[in-house]
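Dear colleague,

Please find below the structure for your records. My notes on what was found in it follow directly after.

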Amino acid sequence: MLPLAGLLIRAPWTTLPQRLTEPGVLAALRLSLLTATLATVVCLLLGVPLAWLLARARFPGRRLVRALVTVPLVLPPVVGGVALLLVFGRRGLVGGWLDATFGFSLPFTTAGVVVAEAFVAMPFLVISVEGALRGADPRFEEAAATLGASRWTAFRRVTLPLIGPGVAAGAVLCWARALGEFGATITFAGNFPGRTQTMPLAVYLALEQDLDAAIVLSLVLLVVSVVILAGLRDRWLGAP
Amino acid sequence: MSLDAHLVVRRDGFTLDAVLRAEAGEVVALLGPNGAGKTTALRALAGLVALDDGHLELAGERLDDPAAKVFIAPEHRHIGVVFQDYLLFPHLSAVENVAFGPRCRGVPRARARAEATELLGRVGLAEHIGKKPRQLSGGQAQRVALARALATGPRLLLLDEPLAALDARTRLDTRAHLRGHLAAHTGPTVLVTHDPLDAMMLADRLVILEHGRVVQTGDAAAITSRPRTDYVARLVGLNLYRGRADGGLVRITDGFALTTATPLHGDVFVAFPPAAVALYAARPDGSPRNTWRATVAAVSRHGDALRIELTGGITVAADVTPAAAVQLGLEPGREVWASLKATEATTYPAVKV
């Protein structure tokens, strides 16, 4: 709590309204919310099936895959950004092919921000969804199968509703992590205002020039995160 | 629409190897102690466990045949299952649970719902269709589970310990109710239970499973009068011995033989109810030829009578009235004379004919 109090005490309250309306602040905020949300969607699309595989399917190398999924948790985000550059960079493994075939390059674009955030935030989603799946009785899926449900129908109509709270919690964690992402984003996507400059990047940049501006940006990020997280918690997780 | 199965499933240290047949409309009970492989057999029938060997044929269609590399997935088998703890989907209401199967098979939502409502009405739950499973009592949940299994019009109905989770009172009602619904089901029904009373009340035929093998099959009358294993004998409350018959004399152990009314030769079973054993303080004179000295090992209550476990010669259970027990001073360690009338013992060949 102390660092938060520090932020509040040092905030330049008198010039706050004027500073908030600066175009850079709003642009960075909008970009942050947009990319964090898109990254969460990407994580949901890729992470839920991955969690299902890890929790239900038996295949060789499952332990290795599980270990790999959690790597972004322990890897310094900057290293993650470097790794992404090596893969998606213009001379990277996949990036070279993308550039040659479609003339499309991921680094230093808004899409690159989403990829970087998704990369770092993915473990939060996979781990919570896998945990929820392990807690859910797999025999419900068997019961659904005997009633004629395909694996997909059983998953959609039985398993997913049962693990709904786990998925929601994972998505919230994932979104929060994506919103605060800094290292991988600045390494992989750079720091271009309006395009890849998210709030944490803007804070970092402001810190070098104008401490008050950095404090204002931090406050905005803080307030928005708290409001959204509190709202989601009440609605999805049924917390008191 | 008949079932013809030879179920072979191998697990670590356990092998299920059971032949199971059921005609259309027939109710077969798989009866056996815990760990006998009953549930594994049921899961193999449903397709939740693949056979390692043998085959499974329903209504002329091969559903599982490892040798021919045939395996039909559970969702394509049209087999209804009532699970032991029902496994009603907790997030769906009773009517949605019942409509789930037809919906999966492509029945339009409104019609599936109407049929589910009708089916729930038939099992006596018209007022509870909107309730979630956690709001239902055990007996109601059991009926919803039955309705859900029947809603898809299954070719084969499987029930895993359908009454085990219910208290005694509900059990009685539900058993009678279940009996009616099983009679109405046109396909074969396989019922798994460890309760002989459930099996005999609900099934036309009993298949006794022990250690993964079928040890005896037959209708209730055949099983209760001629048990072939200790487990079955205990279930139906008979004393059972295996011995060698030579005319009217059956040698059970080296020093012990019983005289029986039916002359047979070779390996035989001798079975008699505990009530057929009479106890005396002194050696009785006269008629019973089977008389031996025995020691009381244990005394327990059994219905209106007292059940006396005796050792000496053979281990045997005897039922006596409380009055007789008091008069004889029956307590562990007491020596008595036991006798058995030859006509009360049933003797039959141990080799299956």
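In chain A, helix α2 (residues 16–20) has the lowest mean pLDDT among the elements of the chain (78), and helix α8 (residues 139–146) has the highest (94). Here pLDDT is the predictor's confidence in each residue, from 0 to 100; helices (H or I, at least four residues) and strands (E, at least two) are DSSP runs, numbered from the N terminus. The average for chain A is a pLDDT of 86, and 97% of the residues score at least 70.

This is a predicted model, in which local features need pLDDT of at least 70 and side-chain atom pairs count only at pLDDT 80 or more, while totals for chains, interfaces and linings use all residues. Residues are numbered from 1 along each chain as its sequence is written, and chains are lettered from A and ligands numbered from 1 in the order in which they are written.

Helix packing in chain A

The axes of helix α3 (residues 23–56) and helix α10 (residues 164–179) of chain A come within 8 Å and cross at roughly 140°. Axes are lines fitted to C-alpha atoms, for helices over the stretch in contact, and angles run from 0 to 180 degrees between N-to-C directions. The two helices, α3(A) and α10(A), are therefore oblique to each other (angles under 35 degrees count as roughly parallel, over 145 as roughly antiparallel, 65 to 115 as roughly perpendicular and the rest as oblique). Residues in this contact include A:Ala36 and A:Cys43 of α3(A), and A:Ala171 and A:Trp175 of α10(A); two residues are in contact if their C-beta atoms, placed from the backbone, lie within 7 Å.

Contact between the chains

The contact takes 14 residues from chain A and 17 residues from chain B. On the chain B side, β7 (79–82) and α2 (94–104) each supply at least two residues.

Strands in chain B

An open sheet of five strands in chain B has the order β14-β18-β15-β16-β17, with antiparallel pairing; two strands pair if DSSP finds at least two bridges between them. Strands β14 (277–280) and β17 (316–320) of chain B stand at the edges with a single partner strand each, so one side of each is left without a neighbour in the sheet. The twist averages 45° from one strand to the next. Within this chain, five bridges join β16 (residues 305–311) to β17(B), and B:Leu306 has B:Val320 as its bridge partner in β17(B).

Yours sincerely
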